[in-house]
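The entries follow the order in which I searched.

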Amino acid sequence: MNDTSVHATKPLLRALGGAPSETPPIWLMRQAGRYLPEYREIRADAGSFLDLCYDPQKAAEVTLQPVRRYAMDAAILFSDILVVPDAMGQDVAFREGEGPVLEPVRDAAGVEALDPIGVAERLAPVYATVERVAAALPDDVTLIGFAGAPWTVATYMVEGGSSKDFREVKGLAYRDDGVFAALVDRLVTATIAHLLAQIDAGAEVVQIFDTWAGILPETAFERWCVQPTKAIVAAVRDKAPGVPVIGFPRGAGFNTERYIAETGIDGVGLDTAVPLAVAARLQTRCAVQGNLDPILLVEGGAPMETAARSILGALTGGPFIFNLGHGVLPQTPPEHVAQLLQVVRGE
Ligand code: CP3
């Protein structure tokens, strides 16, 4: 853990430094997005989703919206994990109602065509967004930068978008270790550059989203989730000591403890399925973040309140950041988020 941050004044940095708190800091994955009318308004004028990600003025505004509305303890940069393949030269588009569509990379020539070196230059508008947000945030609010983990980003790059069975990406990883390792190596290089540039621009914490960490058997999990993440954490530690890293190995289950130990992260994001007794045990290893079911936030009322209270009861004794187990869903009524904040802050 990060000793310097125990003395930090921002609640999120204190938690990541290992300090317990009676009122945990709270932010929500996907806290900016379609459930907010003020987001939909800006989104309607922005052109494509990627245009919005590359418009520093609009992206900064959208980043700040949930912080203003709810007084969240953190802002997370508004961007996407797929700006990295876009900046490496792969064709990436977001189609309305369809999600991301990419020109699939499935062989050595496709991998060699990707350029991991110019990524930070091409993503300059993203860092301009970080600078704007950093300048506008209240003193006690932490700015979180992020990237997708190489494995998760590779799933979209190889499948050509979202997938149900991950047939292509797993097939490639099992069949052609050399080609898949070359792809992951390029992603490690690009991801390090991308995170360091966000930190340079003012990000105080970075989160690595490994949304699809839970679909691999043990050996492949070690090779494609743990090792690349470990390399990224080491590079951030080396170049930006004092900037805590949160890992989110969604669905990693019994592999979570080893992921924490080997990668050296400061905080772990836990999905909804992790039992609270297990989460509390993990707090002896690092700070824990999570893990309310996003569907409970859609439902609101007593079921949400009861579940939030049991999470608080189990985890406020150790270093803890309240969050969901995955992102806010577009159907979420904004007033349920306000209700959740009241419960967490004991108001
Ligand atoms: O958390 C935040 O508020 C910051 C912004 C953020 C977005 N995507 C904005 C977004 C973050 C951190 C992400 C990460 C991301 N993107 C992940 C990892 C986390 C997770 O949710 O599992 C993944 C897998 C992606 C890839 C991605 N982006 C998909 C599959 C989709 C389509 C599905 C959908 O919800 O529409 C996106 C689009 C996307 N990224 C939207 C937002 C707000 C919706 C696009 C829109 O507004 O039109």
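The entries below concern a predicted model.

**Entry: the largest pocket.** I first asked how much space lies in the largest pocket. The computed value is about 1300 Å³. I noted 39 lining residues, of which Arg 30, Arg 34, Phe 49, Asp 80 and Phe 94 are the closest to the centre of this pocket. I then looked up which elements each supply at least two residues of the lining. They are the helices α2 (37–45) and α9 (150–159), together with the strands β2 (92–95) and β3 (99–102). By residue class, I recorded 21 nonpolar, eleven polar and seven charged residues in the lining of the largest pocket.

**Entry: the second largest pocket.** I found about 220 Å³ of space in the second largest pocket. Its lining includes Gly 253, Phe 254, Asp 271, Pro 275 and Arg 281. Two or more lining residues come from each of α13 (256–263) and α14 (276–282). I noted that α14 gives the most, with three residues. The lining of the second largest pocket divides into six nonpolar, two polar and three charged residues.

Entry: For Cys 225, I recorded that the nearest cysteine sulfur belongs to Cys 286 and is 16 Å away. A disulfide requires the two sulfur atoms to be within 2.5 Å, so Cys 225 is in no disulfide.

Note on methods: Residues are numbered from 1 along each chain as its sequence is written. This is a predicted model: local features need pLDDT of at least 70, side-chain atom pairs count only at pLDDT 80 or more; totals for chains, interfaces and linings use all residues. Side-chain values use heavy atoms; hydrogens and water are left out. On a 1 Å grid over the protein atoms alone, a cavity is a set of points where a 1.4 Å probe fits but cannot get out, and a pocket is an open set with protein on both sides within 12 Å along at least five of seven lines; lining residues have an atom within 4 Å of a point. Grid points are joined across faces, edges and corners, and a volume is the space filled by probe spheres set on the points. Helices (H or I, at least four residues) and strands (E, at least two) are DSSP runs, numbered from the N terminus. Ala, Val, Leu, Ile, Met, Phe, Trp, Tyr, Cys and Pro count as nonpolar, Asp, Glu, Lys and Arg as charged, and the others, Gly among them, as polar.
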